[in-house]
Amino acid sequence: MAEHSEPQEHQGSAHPTAATYVAIFAVLLIITIVEVGVFYVPAFHGFLAPILLTLSALKFTLVVMFYMHLKFDHPLFRTIFTLPLLIAAAVIIALLFLYGVFRL
Amino acid sequence: MSHAAAAHYTSTGLDSRKIAFWTFIGSECLLFGSLIATYLVYEGRSVSGPTTHEILNIPLTSVSTFDLLLSSLMMVLALAAVQRGDRLWARVWLAATALLGAIFLGFQAFEFTHFVHEGLGFTTNLFGSTFFTLTGFHGGHVFVGVVWLLTLLVRSFQGKLGPEKAMNVEIAGLYWHFVDVVWIVIFTVVYLIQTTPLPAS
Amino acid sequence: MGSVFSRRPGAARPVSWLAAGALILILAGCSGDPYPQSTLHPAADMSGAIDWLYRQIVWWAVAVFVVVQAALVVTVIRFRRRANQPEPKHVYGNTLAEVTWTLAPAVILVFIAVPTIQTIFRVSGRASPGALQVEVIGHQWWWEFRYPELGLVTANELHLPQGREVALAITSADVIHSFWAPRLHGKRDALPGRTTRLAFTPDSAGTFLGQCAEFCGESHANMRLRVVVQPAADFEAWAARQAESPAVDSTAALQVAGLEAFRRIRDPGQHTCIACHTIAGVSGGVAGPNLTHVGSRQTIAGGTLPNDSAGLARWLRNAPGEKPGSLMPKIALSDDEVAALVAYLRSRQ
Amino acid sequence: MSPASATAQHDAPVVPVAPTGLWSWITTTDHKRIGLLYGFTAVFFFLVGGLEALVIRLQLGAPGNSVVSAETYNQLFTMHGTTMIFLAVMPLSSAFFNYIIPLQIGARDVAFPRLNAFSYWVFLAGGLLLNASFVAGPLFGADRLSVAPNGGWFGYANLTSSLQYSPGPNIDFWVLGLQILGIASLAAGFNFITTILNLRAPGMKLMRMPVFTWMSLVTQFLVVTAFPVITVGLVFLMLDRIFGTTFYNVSAGGDVVLWQHLFWLFGHPEVYIIILPAMGVVSEVLPTFSRKPLFGYAIVVYSGVLIGVMGWGVWAHHMFSTGLGPVADTVFSATTMLIAVPTGVKIFNWIATMWGGRLHLTTSMWFAVAFISSFIIGGLSGVMHSSPPADLQQTDTYFVVAHFHYVLFGGAVQGLFAGVYYWWPKIFGHRLKEGVGKLHFWLMFVGMNLTFFPMHFSGLLGMPRRIYTYGPELGLGMLNLMSTVGAFLTGLSLLVFVYNAWSSRREPRVGKNPWAAATLEWAVSSPPPVYNFSVLPTVTSRLPLWTEHGVSEIPDTPPGPIHVPGGSHWPLMTALGILVIAVGALLHHHFVPSLVTVLAGLGVVVVSVYRWAFEPFEV
């Protein structure tokens with residue numbers, strides 16, 4: 001039955017190197033500093049939420065893509081993570097609408 | 001004749017544990033999604049204080065956010081070390097990850113006790129109930145992660161964490177990074193975007 | 001499979017019998033009277049709008065039901081196994097068929113959706129400025145009705161003038177209830193901490209039954225209500241009477257004794273009448289129904305007991321026995337006290 | 001260690017055989033045995049829930065009846081709903097997931113056999129905890145024996161969240177029982193998604209999977225996404241009750257409608273969790289007994305997936321009467337109507353499958369046809385209350401009770417009975433008696449229509465749900481009496497089934513494929529050997545047994561040694577630990593004993609999980 005077993009992990013996926021990891025960390029760090037900075041600058045307060053949500057989504061994506069290897073891994077993992085993630089986001093947005101936090 | 005080969009035949013060529021774990025993470029998205037949604041729809045509805053402006057400590061939480069981000073870096077380095085069979089650095093990075101996780105929990109414990117001293121308990125108001133439940137659930141996940149990492153560290157010292165066991169570390173890493181990204185969201189929507197109207201003073 | 005059953009055609013045959021019975025019952029429902037809480041016999045504009053919409057939908061449903069069940073029955077009869085039949089041809093699908101039976105329901109749904117959306121905005125609860133304002137407050141397990149413009153408070157029986165729009169502002173004093181008087185409008189939940197709205201114009205006079213429609217605890221079933229729709233003049237007369245506080249007839253000794261008992265009674269558990277009930281000029285409790293005009297009502301105990309001497313006496317002797325879980329406890333009363341209280345309460349016309 | 005691996009070094013092929021004895025069942029990790037455990041437990045709870053229903057129907061058989069008290073009635077309808085959904089229909093589906101899916105996809109077991117055992121034991125713990133409330137009154141100082149949950153299966157806050165309105169342990173049993181059952185469902189969900197995605201035999205592409213397996217995959221996806229939401233809602237409820245948090249506390253600014261959102265965000269996908277497996281069963285049964293492949297296989301699969309995804313966007317149609325506003329009403333009405341399209345498509349494809357076939361009207365086939373017939377009715381009444389104004393009259397009346405019983409009883413239960421009669425010979429090696437089976441079917445079909453069809457009218461004519469009594473003035477006595485008579489007929493039909501199951505045990509043995517069906521589970525002996533497949537099959541067709549060379553040869557005796565996972569008792573121990581934690585939480589009125597019990601349970605869980613993780617156990 002050995003003929004059925006296929007190469008298992010990491011086939012065809014070049015994992016990033018330690019340098020990439022450190023670079024990603026640097027980016028995450030910078031975004032975090034910007035986020036906190038934006039929080040303290042009154043000029044941004046009119047549109048704080050969109051800026052911060054965008055930055056946060058960027059960080060989220062970086063960690064998921066690189067540290068969790070979703071960028072390099074089998075597409076199956078992307079599917080089984082993204083679908084629930086989208087449902088969760090949709091649920092949050094729908095509830096915010098229903099509670100009048102957002103309005104069209 | 002290797003029955004391991006037969007038993008380990010998989011249709012996708014992927015490790016079953018990893019598929020199951022990603023499914024679990026997908027499920028966790030809905031868990032934290034519901035908690036975050038509740039926090040957000042209730043924000044600003046507390047009928048008594050203290051609430052966000054009066055109590056959240058942004059500089060302190062920025063440091064603990066940095067701490068958790070750094071732990072994620074340690075985690076990927078730990079996985080890389082285990083994969084290449086580097087026992088020494090595997091231990092170093094695993095220990096560092098666990099330590100940073102423990103430090104995060106320390107920050108949280110400090111924050112919680114501070115809040116209680118300031119008059120914000122679990123049942124004080126809607127903000128207290130939603131905030132402690134959301135961050136408490138996250139902290140619980142961090143705690144489980146630290147225990148998991150320490151278990152891996154012990155296995156490493158027992159000599160049972162060679163490259164063939166890299167999947168064990170990879171899955172622990174997925175968990176750890178997911179807990180990190182949840183914190184990225186919480187830090188933004190709870191700490192930085194405060195929609196509670198300022199008290200009229 | 002030699003069973004006699006296997007040759008019987010049509011799994012859906014009993015269903016079609018039931019469908020026929022269904023139509024008869026729907027038509028019977030239209031005559032109304034045997035079913036005083038029917039949704040199919042509207043007595044107001046909004047219940048009429050809902051009923052009209054429902055009938056639109058139900059005919060579509062009946063049509064689809066007949067077509068699809070018939071297709072099922074015909075298929076089962078026509079293609080049941082017979083002797084010496086060859087193996088059927090393997091058919092894997094048909095694009096045209098799939099497109100047809102995807103589009104057909106979608107088109108029917110458009111015919112349902114358009115009147116639905118029209119009606120949604122019609123029954124949204126917005127009232128015109130001149131509407132009679134009534135506050136509806138659900139309690140475990142009775143209804144409180146307040147008329148802020150008229151300064152009236154009553155319980156379990158909502159009086160409304162015929163032909164005038166009424167705006168109900170509905171909330172709850174404890175758990176979730178749902179206000180439902182089907183001949184006038186659909187349900188609207190009574191939610192603690194929120195106010196929900198209904199607006200409608202009753203178009204015929206009469207007494208319409210309703211009841212709480214959201215499970216609200218032990219005696220949910222005993223939380224009934226009636227809506228008395230009267231011609232405008234009768235309503236005005238009723239409102240005028242309600243605005244006064246009837247005096248005790250000092251020549252009727254039993255009534256005087258009843259008032260005295262109402263003020264005095266205090267059981268070993270420290271329960272009193274006056275702590276929970278308001279009677280204008282006598283007491284100001286708010287936990288239970290306002291009793292100022294209790295004698296004018298058709299029923300007591302959340303609409304479950306007739307408001308006569310026997311009903312009142314049963315209630316006074318053992319309220320939780322009549323309405324399980326009721327906040328009003330069982331108070332030990334002598335026969336004389338019961339008789340006096342009954343006389344007094346019945347005098348509160 | 002399993003017997004197989006202990007002897008694996010021998011040269012001669014060793015055929016593993018199933019161990020026997022009670023201990024082997026307690027420690028079993030064999031998906032077939034776990035499936036049987038699920039099945040027997042589900043039927044047991046189904047009978048319990050059915051008895052509850054009969055008492056309910058007795059009470060409502062006449063106006064002003066006094067068979068049971070108000071409190072008992074409220075407990076009965078709460079437990080009837082909770083039992084039927086979580087302890088009967090879902091686990092009956094699980095029984096089929098367990099037994100059939102690995103066979104249908106050509107696997108030797110599920111991906112995580114011990115996790116599978118864990119799911120079962122946790123489910124059993126939750127079921128026992130919930131039902132223990134029927135006799136736990138004295139332990140909590142109650143003045144009656146039964147302190148069963150009494151807030152409805154939907155448990156609306158603040159009736160349930162506030163100790164003022166529900167002081168006893170009743171709701172605590174419900175909150176904790178449901179959380180435990182959630183753990184069981186989630187664990188099974190991860191397991192079966194992985195199994196279906198990753199343990200398919202060579203050649204078993206996704207679009208070659210049997211529809212039952214496909215619908216199970218969608219179901220499990222809904223389980224792993226929907227259960228966390230109810231878990232969060234239940235945690236809030238529990239915290240409100242135990243610690244006095246303010247989630248549903250109106251005076252602190254909390255909102256009672258939030259519970260309804262969280263509950264129905266779960267509750268609507270839950271409807272599909274219940275019905276999709278039955279749709280899958282019917283999609284297997286119809287082609288087999290029509291001697292024709294499923295019409296529009298891909299469309300049926302995609303519409304199932306679509307139903308699963310769209311099922312997330314309709315939850316607020318359960319809440320029209322709360323006054324969401326006309327815009328939200330319109331949106332949720334539209335999504336609800338849309339979901340009728342893929343549902344209708346499935347029905348048409350089933351009928352088209354039979355069209356032109358040679359229908360072998362076995363009991364299983366009758367149940368499948370009755371499923372379609374009932375589902376049409378339940379679907380049409382569903383469309384009626386997708387219209388919010390109409391729903392304002394229909395919601396919380398017996399019209400809705402009729403609607404969802406047509407879907408869940410006429411649909412799910414009859415669909416699952418089609419599966420019971422269909423797979424019985426595979427599981428037990430002999431058929432159920434057809435004559436008794438037909439009696440069972442007709443009694444049930446007539447009984448359920450007599451029970452539920454009049455409810456449409458009692459609802460429209462003004463009968464609200466969840467009332468223990470109603471006055472004679474409503475004029476609904478006759479309709480209710482009809483329902484009561486029908487309920488007893490339905491109950492009788494279940495006794496006929498139990499008799500059939502018992503009396504059929506000496507029916508002649510059947511071969512591998514007694515129905516001449518097309519899918520892979522019929523390629524192995526009945527019942528299948530402990531290892532399922534002597535060699536992993538290679539599949540070249542969606543209908544492997546109806547296609548020449550559709551599947552590689554599967555010899556009756558294995559050509560080589562086969563590793564079969566051994567047993568483990570740690571899943572059971574972990575489940576016990578969880579039960580102890582729940583019992584500790586039940587005692588929350590007494591702080592120290594409660595804390596000690598919770599910590600003890602936690603200790604058992606931690607030790608068991610570590611032992612589980614590090615015990616030698618090869619999959």
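Of the 104 residues in chain A, 26% count as buried, a residue being buried if 20 or more other C-beta atoms, placed from the backbone, lie within 10 Å of its own. Chain A has three helices and zero strands; helices (H or I, at least four residues) and strands (E, at least two) are DSSP runs, numbered from the N terminus.

This is a predicted model, in which local features need pLDDT of at least 70 and side-chain atom pairs count only at pLDDT 80 or more, while totals for chains, interfaces and linings use all residues. Residues are numbered from 1 along each chain as its sequence is written, and chains are lettered from A and ligands numbered from 1 in the order in which they are written.

In chain C, three strands form an open sheet in the order S4-S10-S9, with mixed pairing; two strands pair if DSSP finds at least two bridges between them. S4 (157-161) and S9 (206-211) of chain C are the edge strands, each pairing on one side only. S9(C) and S10(C) (residues 224-230) run antiparallel and are joined by six bridges. Within this pair, Phe208(C) stands opposite Val227(C).

The axes of H4(D) (residues 70-105) and H6(D) (residues 170-198) come within 12 Å and cross at roughly 15°; axes are lines fitted to C-alpha atoms, for helices over the stretch in contact, and angles run from 0 to 180 degrees between N-to-C directions. H4(D) and H6(D) are therefore roughly parallel to each other, a term for angles under 35 degrees.

Notes: Parallel < 35°, antiparallel > 145°, perpendicular 65-115°, else oblique. Buried ≥ 20, exposed ≤ 12 C-beta atoms within 10 Å, placed from the backbone.
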